[in-house]
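I opened this model to go through its salt bridges. My entries follow in the order I looked things up.

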Amino acid sequence: NVIALDQDDGSKLWSTNVKGEVLSKAAIDTKIVAVKTGSGELIGLNKNTGAIEWSYRSKLPALTVRGSSSPIISDDKIYTTFDNGRLGVFEIGSGFPLWDGAISYVSGTSELENLIDSDSSPVVEGGLVYTINYQGKLNIFDIAQKRSVWTYETSSFYSPVVMRGMLLIVEANSKIRSFSLKSLEESWINEDYLNRGLSNAVSYKGNLIVGDFQGYVHIIDPLNGKTIGRKRLSKKPIKTLFSRSNSLYVVDEAFNLFSINI
């Protein structure tokens with residue numbers, strides 16, 4: 001179910017069953033609420049009534065990683081990535097597919113080797129779309145040209161972070177890798193957190209912030225990859241970080257919510 005609540009009193013405004021598990025947050029525009037289900041369907045709901053305005057179903061591979069990326073809205077277009085390792089761009093009002101591209105292609109001989117899910121949201125910035133997938137590639141698409149312009153072989157569950165002239169990724173093995181946005185040359189690699197089950201990374205007050213499986217939050221200088229601070233918030237693994245305004249929010253495995261300031 002997708003449910004809308006009144007922010008003032010918590011009363012239910014509408015509820016719509018989209019006939020699929022929703023594993024990621026919705027993207028909200030002035031008229032459309034876009035959600036993606038675990039079955040690979042992208043659905044546009046009327047923001048005021050919850051009525052389904054349109055839907056698009058991608059082709060799912062036989063085996064997928066449990067999870068789903070969130071749609072991103074930019075310039076009246078919806079950008080989303082799918083479990084088949086592709087990026088799709090859609091018209092927000094009608095759901096009409098404008099263009100798409102492969103983040104990476106399958107190259108293995110087994111279903112496990114061919115897991116190329118993109119469970120991370122694309123990042124749209126400066127006329128480019130930054131995408132990444134599991135057992136695949138970091139891939140940059142040019143919006144005007146509607147095609148890939150640069151790739152790097154890697155594996156990640158989390159969205160890239162673009163900040164301070166750097167492109168930063170947390171790889172599936174918790175290695176942190178950076179590239180210069182000007183040259184796209186590799187800048188530094190941080191292997192201090194290898195196999196520590198890192199969470200997604202976020203940009204906050206000019207620093208890169210990540211959490212780990214022991215409940216620590218780490219502060220990293222994005223220009224050199226050095227750790228400049230850390231604090232243990234929980235005895236449970238940190239699962240999600242997000243920043244809003246001047247606050248940084250942290251959610252652990254037990255769904256405890258922390259608000260911290262640095």
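I started with a network: salt bridges link E171, R177 and E186. I note that this is a predicted model.

Next I asked how many salt bridges the rule gives. The count comes to 6.

I then turned to K175. Where does K175 lie? I found K175 in the loop between β16 (166-170) and β17 (176-180). K175 pairs with E191 in a salt bridge, with the closest N and O atoms 3.5 Å apart. E191 sits in the loop between β18 (186-190) and β19 (202-204), so this pair ties together parts that are 16 residues apart in sequence.

Is K175 buried or exposed? Its relative accessibility is 15%, so I logged K175 as buried; the cut-off is under 20%. E191 is at 48%, so I logged E191 as partly exposed.

I listed the contacts of K175, leaving aside neighbours within four places in sequence: I169, V170, I189, N190, E191 and L194.

My last entry is on D100 and R86. They form a salt bridge, with the closest N and O atoms 3.0 Å apart. D100 belongs to strand β10 (residues 97-102) and R86 to strand β9 (residues 86-91), so the bridge ties together parts 14 residues apart in sequence. D100 is partly exposed at 40% relative accessible area. R86 is partly exposed too, at 26%.

Note on methods
Residues numbered from 1 in each chain as written. Predicted model: local features only at pLDDT ≥ 70, side-chain atom pairs only at ≥ 80, totals over all residues. Heavy atoms only, no water. Helix = DSSP H or I, 4+ residues; strand = E, 2+ residues; numbered from the N terminus. Contact = heavy atoms within 4.5 Å. Salt bridge = Lys/Arg side-chain N within 4 Å of Asp/Glu carboxyl O. Buried < 20%, exposed > 50% of the residue type's maximum accessible area, 1.4 Å probe, protein only.
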